[in-house]
Amino acid sequence: MSTAEEPTTEDLHDSALRLRSRLRGRLLQPQDEGYAASTAGHNTVLTHRPALVVAAACAEDVREAVLFAGRHGLTVAVQATGHGQAVSCDGALLISTAAMDGVSVDPAARTARIEAGARWEAVIAAAAEHGLAPPSGSSPRVGAIGYTLGGGIGPLGRAHGYAADNVRSFEAVTADGTARHVSADRDPDLFWALRGGKGNFGVVTSMVIDLFPVERVYGGGLFFPGEYAEPLLRSYRTWAKALPEEMSAAFALVRFPDAPAVPAEVRGHFAIHLRVAYLGAPERGAELLAPMREAGPLLLDTVAEMPFTEVGSINNDPTEPGPYYERSTVIGDLGPEPAGVLMELAGPHARCPLLVVELRPLDGALARRPRPGNAVGNRGGGFAVFTASVPVPDASTVAEYQDRLVGALAPYGTGGPFLSFQSAEEASQEQVRAAYEAADYRELSRLKRAYDPGNVFRHTHNIPPAL
């Protein structure tokens, strides 16, 4: 990539006019209508002021944008839905892939080809027409490709692994402006790095990913009074260890807001939310769930058979943009010590400002390395711990409490963030390194030097090139 001097505003403006004529999509400058919408993300904690936005309509637009950035010494940021923002892209060239939202399904091969801006909800709908389902996450509104580049864990995870484990191929544009078909047979090193290396290695314009014969799930939530948190957590630990891989079950401590959209049974209260998805017959799912249904008094039970198209109702994640502060980590087990930390800092007697603290098992297929391998590590099982809150009472109090919780759990796990949930609050060099196994991080850094020596794609959870 060029290391040209930073262009003047006048030079950039004149060159941008020439670029505009070569695009099928739009080129936006700060004064243009549509610029603000193209730079807005789902998490409004971060704001962006890029020098230019290329609202790409096709893969060739992406290539033109990367080549333009190289000629003018600009770094490159990428955004589809804005769920995975890590750092500001002020002064950069932002490629918005939101308009590249095509999805096509090959029912015979059980695969989907997904363009860069498509959300999982579109993939879920297209796959459902053929009795299939993708390895999507808890929120169907999230962009499929950004989610997959960071690993990707969802209701099919214990049965089929991370989304990154199930990619067949990518189409990507690397920092030198080369459009590449990347697979296990072509550019295998880059294929390994893209699956877990996030946006560090290029702009993925499409991917082909496996689908699974899942039409319906037995899923929903069990809600218990928060004062039963400690015995419920003990019951959950024992119960979850014995579950077949076809069942996913996350344990969440939730301080529900007093809002009309929240079910009346838990509105304004601290409650335990067991989030369940089972891929087998509902009768067998009910048998498996019976011990937890009997583990405490139920406030609400929404677990029932549903089409996979309704899988987003299980977690019911927020769909509207807003300010969210998020942190994560990985622990090895839910023994007395880490359970005690969770009860002390997030249990019924804690003065906790966090809306949710969720535990998600990382066993089953999530604990097995795929063939060929990829950059998603920490395959030893255990639990992902995820915390999220809005800035109430204020952002600094929330951030300090999240630091305290993650720090207190560090002796019982990796101490680093969980790759698939890594947030804007976890973008320091130390935190990015800690999200990977040491050998994998070294290899990613070496490959970064090979494919992006100028660190053009740095507006992500950045892995700098090896020296």
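D210 sits in strand β9 (residues 203–210) of this predicted model. Leaving aside neighbours within four places in sequence, D210 is in contact (heavy atoms within 4.5 Å) with R110, T111, P134, P135, N166 and R168. Strands (E, at least two residues) and helices (H or I, at least four) are DSSP runs, numbered from the N terminus. Because the model is predicted, local features need pLDDT of at least 70 and side-chain atom pairs count only at pLDDT 80 or more, while totals for chains, interfaces and linings use all residues. Residues are numbered from 1 along each chain as its sequence is written, and side-chain values use heavy atoms, with hydrogens and water left out.

**Around D210**

- With 16% relative accessibility, D210 counts as buried; buried means under 20% relative accessible area, exposed over 50%, and partly exposed in between (1.4 Å probe, protein chains only).
- The side chains of D210 and R168 are joined by a polar contact of 2.6 Å. A polar contact is a pair of N or O atoms within 3.5 Å; within protein, one must be able to donate a hydrogen and the other to accept it, and residues adjacent in sequence count only if both atoms are side-chain atoms.

**Around D90**

- Look for D90 in the loop between β3 (76–79) and β4 (93–96), where its 48% relative accessibility makes D90 partly exposed.
- The side chain of D90 reaches the backbone nitrogen of R49 at 2.8 Å, and D90 also makes a side-chain to side-chain polar contact with S88 (2.8 Å).
- Not counting residues up to four places away in sequence, D90 touches T47, H48, R49 and P50.
- D90 and H459 are 369 residues apart along the chain, yet 9.5 Å separates their C-alpha atoms.

**Around T387**

- T387 belongs to strand β17 (residues 383–389) and, at 1% relative accessibility, counts as buried.
- The T387 side chain makes a polar contact with the side chain of Q402 (3.1 Å).
- Beyond four places in sequence, the residues that T387 touches are Y325, E326, R327, L354, V356, V357, Q402 and L405.

**Helix α9**

- G285, L288, L289 and M292 are buried in helix α9 (residues 282–293).
- Seen down the axis of α9, these buried residues fall within an arc of 90°, so they line one face of the helix; the arc is that of the directions from the helix axis to the C-beta atoms.
- E283 and E287, on the other side of α9, are exposed.
- The packing partners of the buried α9 residues are β10 (216–225), α8 (229–241), β11 and β12.

**Cavities**

- There are two cavities of 30 Å³ or more. A cavity is a set of points, on a 1 Å grid over the protein atoms alone, where a 1.4 Å probe fits but cannot get out; lining residues have an atom within 4 Å of a point.
- The largest cavity holds about 220 Å³ of space, a volume being the space filled by probe spheres set on the points, with grid points joined across faces, edges and corners.
- Its lining has 19 residues, with G154, P155, S248, N315 and R360 nearest the centre of the largest cavity.
- β11 (247–255), β12 (270–278) and β16 (356–361) each supply at least two residues of this lining.
- By class, the largest cavity is lined by ten nonpolar, five polar and four charged residues. Here Ala, Val, Leu, Ile, Met, Phe, Trp, Tyr, Cys and Pro count as nonpolar, Asp, Glu, Lys and Arg as charged, and the others, Gly among them, as polar.
- The second largest cavity has a volume of about 40 Å³ and is lined by Y162, V376, G377, N378, F418, L419 and A435.

Conventions
On a 1 Å grid over the protein atoms alone, a cavity is a set of points where a 1.4 Å probe fits but cannot get out, and a pocket is an open set with protein on both sides within 12 Å along at least five of seven lines; lining residues have an atom within 4 Å of a point.
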